[in-house]
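Subject: Structure handover

Hello,

Here is the structure I promised to pass on. Please open it and keep it beside you while you read my notes.

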Amino acid sequence: MEGGYTAPPQKHARLARDAKAEGLERPRGFDSRPRYRGAPIPSLLCLLSFPLPFSPSREPPPPERIQRSPPTEFLMRPPASPLVAITLAALVLTLGCGEPQGPAPTPTPSVDTAWRDALLPANELGGRTLLADARDGWTVRRVDRPARGRGERSMARATGAAASSDMPMDEGAVLEASAPMAPAPGAAAGRDRAADGGAPLRAGSIDDNAAYEEFLTFLATWEDQEGVADKAHVVDVRDRTWIRVVGPQGRPVPLARVTVIDEQADRVAWSATTLGDGRVAFYPHADGLEAPATWRVEVQAAGQTTVATLDAAARTLDVRMPTSYAMPQSVPLDVCFLIDTTGSMGDEIGRIKHTLLAVTKRLRDLAVEFDLRYGAVLYRDLTDDYVTMRRLFSSDIEGFDAALRAVEAGGGGDMPESLNQGLAEAIGQMDWRQDAAKLCFLVADAPPHMDYAGDVAYDRSMRAAAERGIKVHAVAASGLDPFGSLVMRQVAQMTRGRFTFIEYGGDVVASGAAHGVKDTGPANNLDAILFRTIQDELSGWGRPEASSSVD
């Protein structure tokens with residue numbers, strides 16, 4: 001047979017004698033099937049395709065029989081079974097041993113993930129070792145301290161002294177309240193009413209993406225101030241460019257991965273995930289590097305990739321995908337509450353605890369079907385009972401609310417807190433669903449510590465949030481200083497969330513001015529603002545009218 005293999009007479013006779021001696025009907029490894037020698041067979045296939053020296057169903061041949069076979073004989077033998085042949089052939093095809101089919105695609109430069117990888121929890125923070133415990137559904141990260149008596153800690157609390165670095169961890173009550181800090185002027189009455197479930201907290205709110213020029217003016221006021229670099233990282237968000245991803249009929253495509261590449265420098269300049277309106281915001285100066293004349297934009301959605309070119313002078317780009325977004329019958333929605341639980345936060349925590357079920361009930365009445373999960377990250381500081389506490393997402397809303405009701409405010413002492421650690425844990429360690437709308441509500445009344453070695457600066461976390469498609473809504477509590485306002489407004493603007501501020505004394509304009517907000521709009525109840533924010537996210541998810549809401 002042309003292209004086949006026929007054993008020479010002498011070799012065939014020897015194989016027959018060996019087979020007879022072993023009680024076989026035909027020579028081992030001999031077959032009359034064709035052996036195709038015309039095509040180049042990869043050496044890997046040849047080396048692996050020899051038959052087993054013995055059948056599992058029979059005793060192995062004596063060692064001298066195996067040794068008597070010359071090495072070249074194995075290369076001419078067929079596979080031990082059709083299954084082995086098929087497996088090896090598939091391996092060869094997988095490894096691409098043949099000629100390449102068509103031109104190789106242009107490789108995407110490796111994404112600089114140093115800032116994203118830094119979201120992983122560190123074992124040390126500020127020169128102190130951190131431990132992790134699992135307690136009652138919470139993952140607690142705390143400073144490792146030598147054990148000391150409870151009385152010494154209680155004395156420090158009673159005198160109002162800040163906890164020292166060697167103060168013991170109260171193993172019996174992680175959520176035990178400590179002496180709160182002095183409330184901000186005018187806040188005491190509101191705190192008492194909130195704790196009793198009385199009059200709701202009032203707040204103002206602004207969307208710094210809708211008021212983009214005003215936000216740029218706000219950032220510019222920090223350029224010449226001394227000491228800013230030690231307390232905040234001001235990211236350059238000038239020349240914002242909207243990239244909109246749509247399907248064949250022009251409907252927005254949520255959850256598409258958008259990568260902006262500087263081909264001249266062979267670097268990924270930006271990576272983000274589209275939100276419900278199918279958009280991402282690209283900031284060409286965020287890295288402080290010179291922008292090229294054009295950018296390469298790669299969009300991935302539903303297993304398909306589309307490439308476009310963005311002119312550096314353009315401020316909008318539409319990318320049309322070949323496949324439409326498949327709108328789910330029930331929109332998955334993950335909501336994480338990121339809360340500063342130091343002593344001065346008693347009013348805001350109380351309001352959230354008393355309104356959570358009410359907000360959930362209102363959400364259930366919406367016409368849009370959704371699959372809701374709640375999760376939480378609480379944070380304090382190095383000198384407190386814990387640095388962070390994390391509770392993963394759960395669809396058991398009442399159970400989650402019961403766990404949140406047990407949370408008490410305590411600790412603190414200095415103005416900055418471990419907001420950096422809390423934000424990094426909320427963005428990087430929560431079990432966000434990939435196909436879900438993702439919302440995070442940050443509630444805080446103090447700026448982050450920017451002086452801890454081994455910390456994760458908030459600007460790294462907010463970029464990671466944009467990449468994962470997590471929208472962070474920042475809620476400024478009473479007493480937040482200007483640096484805290486700067487940080488929280490940056491986080492909200494970068495992730496396309498809203499900046500909300502709680503007002504006391506009935507003057508929303510004065511409260512907004514304290515945070516650098518000029519156009520505050522009317523005040524509203526805080527729980528109403530939270531509900532409206534979630535409602536807007538659900539009602540606009542994947543719908544054409546949502547894609548035109550931001551210019």
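**Two helices side by side**

Start with helix 14 (residues 458-468) and helix 15 (residues 482-494): their axes come within 9 Å and cross at roughly 20°. Axes here are lines fitted to C-alpha atoms, for helices over the stretch in contact, and angles run from 0 to 180 degrees between N-to-C directions. Helix 14 is therefore roughly parallel to helix 15. The cut-offs: angles under 35 degrees count as roughly parallel, over 145 as roughly antiparallel, 65 to 115 as roughly perpendicular, and the rest as oblique. The crossing of helix 14 with helix 15 is right-handed. That word applies if the near helix is turned clockwise from the far one by less than a right angle, and left-handed applies if anticlockwise.

Which residues of helix 14 and helix 15 meet? From helix 14 they are Tyr-458, Met-462 and Ala-466; from helix 15 they are Val-487, Gln-490, Val-491 and Met-494. These residues divide into six nonpolar, one polar and no charged. Ala, Val, Leu, Ile, Met, Phe, Trp, Tyr, Cys and Pro count as nonpolar, Asp, Glu, Lys and Arg as charged, and the others, Gly among them, as polar. In general, an α-helix has 3.6 residues a turn, so residues three or four places apart point the same way.

**How to read the model**

This is a predicted model: local features need pLDDT of at least 70, side-chain atom pairs count only at pLDDT 80 or more, and totals for chains, interfaces and linings use all residues. Residues are numbered from 1 along each chain as its sequence is written, and side-chain values use heavy atoms, with hydrogens and water left out.

**The whole protein**

The protein has 17 helices and 18 strands. Helices (H or I, at least four residues) and strands (E, at least two) are DSSP runs, numbered from the N terminus. Of the 551 residues, 50% are buried. Buried means under 20% relative accessible area, exposed over 50%, and partly exposed in between (1.4 Å probe, protein chains only). Take the contacts with a separation of 6 or more: residues 24 or more positions apart account for 75% of them. Contact means heavy atoms within 4.5 Å.

Four strands form an open sheet in the order 7-6-9-10, with antiparallel pairing. Strand 7 and strand 10 (304-311) stand at the edges with a single partner strand each, so one side of each has no neighbour in the sheet. On average, neighbouring strands of this sheet are turned by 20° against each other, direction ignored. Two strands pair if DSSP finds at least two bridges between them.

Now go through the pairs.

- Strand 6 (residues 257-262) and strand 7 (residues 267-273) share six bridges. Asp-262 has Arg-267 as its bridge partner.
- Strand 6 and strand 9 (residues 294-301) are joined by five bridges. Ile-261 stands opposite Arg-296.
- Strand 9 and strand 10 share eight bridges. Ala-301 stands opposite Gln-304.

Helix 14 packs on this sheet and touches strand 6 and strand 7. Its direction makes about 65° with that of strand 7. Strand 6 is mostly covered, with five of its six residues buried.

**Two positive phi values**

Look at the loop between strand 6 and strand 7, where Asp-266 is found. Asp-266 is not a glycine, yet its phi is positive, about 55°. Is Asp-266 buried or exposed? At 54% relative accessibility, Asp-266 counts as exposed.

Asp-136 lies in the loop between strand 2 (128-135) and strand 3 (138-143). Its phi is near 50°, again positive in a residue other than glycine. Asp-136 counts as exposed, at 74% relative accessibility.

**Strand 11 and the buried spots**

Strand 5 (residues 241-246) pairs in the parallel sense with strand 11 (residues 316-320) over five bridges. Ile-243 stands opposite Leu-317. Side chains alternate along strand 11.

Helix 13 (residues 419-428) is largely enclosed by the rest of the structure, because nine of its ten residues are buried. Ala-403 is found in helix 12 (residues 397-405). Ala-403 counts as buried, at 12% relative accessibility. Leaving aside neighbours within four places in sequence, Ala-403 is in contact with Trp-138 and Arg-391.

Best wishes
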